[in-house]
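Have the structure open while you read.

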Amino acid sequence: MQKSLSLLIIAALTLSACNSWRNSRANPSNWFGSSQPAPVETAPVDEAYALVPRQSDGIGLFDRPVEEDTSVPIAKIDELRIDATPTGAIVYSSGTAQRQGAFNARLVPVNSEENQKNGVMEFTFLVNYPKAQTAQGTERSRMVSDAINVSRQELEGIRLVRVVGQQNALESRRR
């Protein structure tokens with residue numbers, strides 16, 4: 001019984017010494033104080049584009065220089081079709097390129113005050129060609145098409161949709 005009593009006293013004294021360790025500067029958990037709220041500096045973010053990455057200014061190590069736009073209007077517009085959707089319309093256009101290998105076809109909106117006053121929505125059908133010369137080929141092998149989604153808000157007040165190419169333009173009027 002005497003051994004267990006002395007063991008109990010030694011254990012109690014050892015545990016009571018731990019209290020001073022807890023408040024000691026040698027204890028790594030005391031090196032920093034407790035966390036406290038701090039104000040955060042935030043830049044105003046447009047909520048509509050919150051997930052879209054910001055454009056780099058090209059000064060990073062792996063940034064590439066901005067390539068110049070070498071696109072040209074397509075040679076001839078063959079078709080213009082406007083299909084209604086629940087949220088607006090899809091403007092579909094196809095055309096024939098000058099030579100084979102045309103790529104990166106896109107309908108680019110032309111924003112001018114005169115068009116907006118007259119209720120005209122105008123697009124230019126642009127394509128890129130390879131740097132190396134390619135054969136002209138058959139008309140079917142040079143066919144290129146593109147479509148763009150237009151919302152109801154953009155269509156308000158629009159009476160005419162026009163797609164312009166290099167040699168011609170096609171229009172579609174609202175009924």
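## The core and its surroundings

The largest nonpolar core has 18 residues, and I74, V91, M121, F123, F125 and V163 touch the most other members. Such a core is a set of buried Ala, Val, Leu, Ile, Met, Phe, Trp, Tyr and Cys residues joined through side-chain atoms within 4.5 Å; buried means under 20% relative accessible area, with a 1.4 Å probe and protein chains only. At least two core residues come from each of the strands tabulated here.

| Strand | Residues |
|---|---|
| β2 | 76–85 |
| β5 | 120–128 |
| β6 | 143–151 |
| β7 | 160–164 |

Strand β3 (residues 88–96) belongs with them too. The largest share, four residues, is supplied by β5. In general, nonpolar side chains in soluble globular proteins tend to be buried together.

This is a predicted model: local features need pLDDT of at least 70, side-chain atom pairs count only at pLDDT 80 or more, and totals for chains, interfaces and linings use all residues. Residues are numbered from 1 along each chain as its sequence is written, and side-chain values use heavy atoms, leaving out hydrogens and water.

Back to M121: leaving aside neighbours within four places in sequence, M121 is in contact (heavy atoms within 4.5 Å) with V150, E154, L155, I158, L160, V161 and R162. Over in β3 sits S94, buried at a relative accessible area of 4%.

Zooming out, 22% of the protein's 175 residues are buried.

Notes:
Buried means under 20% relative accessible area, exposed over 50%, partly exposed in between (1.4 Å probe, protein chains only).
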